[in-house]
Amino acid sequence: MWLHRRTLRRRWCAGRGGSDSLGNTPQASFLLSWLLQHFEAVETRVLILNADPVFQDRALAVFDGLDLETEVVRTFPEAIVSLLAENFDAFVIEGQPAAAMEQATNARQHFPSLRIVCLSAQAHPHDVALVGEQQKIELISYAWTTRGLRRRIERFVRSIETPGAPSAEGVDPCHSLVGNLNQFSAAEILQMSCLSQRSGRFTFKSGRGNSEIYLQHGSVRHAVFGSLEGESAVAEVFRWRQGRFYFEEGVISQVQTVDRPWAHLLIDNLQKLDETLELASV
Amino acid sequence: MKSRELETKLRLLTLQLENWKKLHDLITYGLDKAKPIISSEQERHFTEIRANLLQETEYVLRQLNILDGLSGKAMNVLQRASSVRGVRDLTGEDVRRLEMEWNAVFTKLGVVQGQFKAQRKQLAGQTAISYHLGRLFRRPAVAA
């Protein structure tokens with residue numbers, strides 16, 4: 001129902017946007033086109049991995065009817081390439097429970113904050129469900145009727161739809177360092193700050209959301225990104241290639257979620273990044 | 001408004017086009033005399049794409065109502081291009097035919113994809129109510 005309301009709201013804008021010839025003023029047209037673009041921009045994007053998307057398309061047919069953008073890939077390396085290149089709100093893996101869970105677990109190691117779902121034609125065995133719970137991987141089974149499957153997929157899509165509020169920009173006087181991640185990677189700026197024994201807070205803003213990393217005397221003390229904390233939040237920021245960063249000198253975190261030296265974190269995360277790139281080239 | 005049927009057709013068409021593009025990349029590689037090495041990985045990839053096309057082409061073209069015009073040409077391409085090495089060994093005349101037929105299939109699929117996208121854009125500007133009202137009160141076509 002919520003999906004329908006959202007759809008209608010967007011269509012109202014689309015319908016109005018197309019009625020310039022009916023006498024809308026240029027200002028109204030501009031406003032409507034901006035609204036249209038805005039609503040277009042927040043469309044949910046889902047990557048679906050399905051080895052046989054033409055003939056095994058029961059779930060894909062459900063996705064076809066939903067108001068979201070989907071990209072279908074056939075192999076895991078293709079999926080990794082897409083995940084590295086573009087922002088997706090969720091990654092759906094369709095297939096046999098054990099095989100799909102193996103791929104999902106693999107993807108989880110490289111994309112800690114990504115919403116991952118395993119879709120399977122059979123009910124998920126207990127051990128697979130257990131791994132799913134540990135790795136925060138959602139499970140949807142086809143054993144349901146088509147209507148039940150649609151309901152579950154719709155519920156999942158609703159849960160990933162975010163308001164998509166654009167991150168607030170602007171330089172605050174308390175920011176001692178501001179920059180773009182496409183010019184300096186997170187690894188580079190963190191390395192620079194740790195080498196110069198800085199203490200303060202890094203805020204990273206990208207299409208995926210905001211993340212904060214707190215430094216104290218050149219070591220990472222605390223990191224947070226959404227529900228992720230500690231090293232997994234640092235690992236997430238390492239992958240970002242677009243976005244902005246701000247550094248505020250002297251902001252110290254009371255919480256400590258990272259207790260390893262920066263050099264270890266750097267080596268581990270760069271190695272993980274290399275592994276991800278290797279997966280994409282298989 | 002969003003038509004599920006149209007979205008399904010577009011999905012099938014996009015997947016099909018993607019495979020034809022990949023096939024073309026490998027055929028081009030095979031024909032490039034400046035690249036003498038053909039790896040087993042490339043051959044495996046070629047076979048996989050060919051297998052996908054062989055099993056899906058007829059079904060997809062039927063779903064899109066373009067089976068009659070394209071089925072023969074698509075099958076000719078898939079039969080001629082048996083492997084990357086096989087493509088390299090084709091005669092000049094066969095290569096020309098292969099390229100011509102691949103181009104015919106690709107062009108037609110591209111045109112149909114454009115038509116579907118135009119339909120999707122048109123539908124996006126309508127609400128379900130206006131779409132059905134429009135159909136209800138549309139004047140019937142007058143026979144000449």
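What share of the contacts in chain B with a separation of 6 or more comes from residues 24 or more positions apart? The share is 80%. Two residues are in contact if their C-beta atoms, placed from the backbone, lie within 7 Å.

This is a predicted model: local features need pLDDT of at least 70, side-chain atom pairs count only at pLDDT 80 or more, and totals for chains, interfaces and linings use all residues. Residues are numbered from 1 along each chain as its sequence is written, while chains are lettered from A and ligands numbered from 1 in the order in which they are written.

Start with confidence. The predictor gives the complex an ipTM of 0.81 and a pTM of 0.69. For single residues there is pLDDT, the predictor's confidence in each residue, from 0 to 100. Chain B averages 89. In chain B, 94% of the residues score at least 70. Within this chain, helix α2(B) has the highest confidence, at 95. Helix α6 of chain B (residues 128-137) has the lowest, at a mean of 72.

Now look at chain B itself. It has six helices and zero strands. Helices (H or I, at least four residues) and strands (E, at least two) are DSSP runs, numbered from the N terminus. Chain B has 144 residues, and 22% of them count as buried. A residue is buried if 20 or more other C-beta atoms lie within 10 Å of its own, exposed if 12 or fewer, and partly exposed in between; the C-beta atoms are placed from the backbone.

Take one residue of chain B as an example. B:Leu90 lies in the loop between α4 (84-88) and α5 (92-124) of chain B. Why is B:Leu90 classed as partly exposed? Because 18 other C-beta atoms lie within 10 Å of B:Leu90. Leaving aside neighbours within four places in sequence, B:Leu90 is in contact with B:Arg80, B:Val95 and B:Leu98. B:Arg80 is 10 residues away along the chain, and its C-alpha atom is 8.4 Å from that of B:Leu90.

Next, find where the chains meet. Here 15 residues of chain B are in contact with 12 residues of chain A. On the chain B side, α1 and α2 (40-63) are the elements that give two or more residues. The largest share, six residues, comes from α1(B). By type, this side of chain B divides into six nonpolar, four polar and five charged residues. Ala, Val, Leu, Ile, Met, Phe, Trp, Tyr, Cys and Pro count as nonpolar, Asp, Glu, Lys and Arg as charged, and the others, Gly among them, as polar.

Turn to chain A and its sheet. Strands of a sheet pair through backbone hydrogen bonds, either parallel or antiparallel. In chain A, five strands form an open sheet in the order β2-β1-β3-β4-β5, with parallel pairing. Two strands pair if DSSP finds at least two bridges between them. The edge strands, β2 (69-73) and β5 (137-141) of chain A, each pair on one side only. Strand β1 of chain A (residues 45-50) pairs with β2(A) over five bridges. A:Arg45 stands opposite A:Glu69 in β2(A).

Finally, the largest nonpolar core holds 56 residues. Such a core is a set of buried Ala, Val, Leu, Ile, Met, Phe, Trp, Tyr and Cys residues joined through C-beta atoms within 7 Å. A:Phe91, A:Val92, A:Ile93 and A:Cys118 touch the most other members. The largest share of this core, six residues, comes from helix α1 (residues 4-31) of chain B. Apart from this core lies another, of 20 residues, including A:Tyr214 and A:Trp240.
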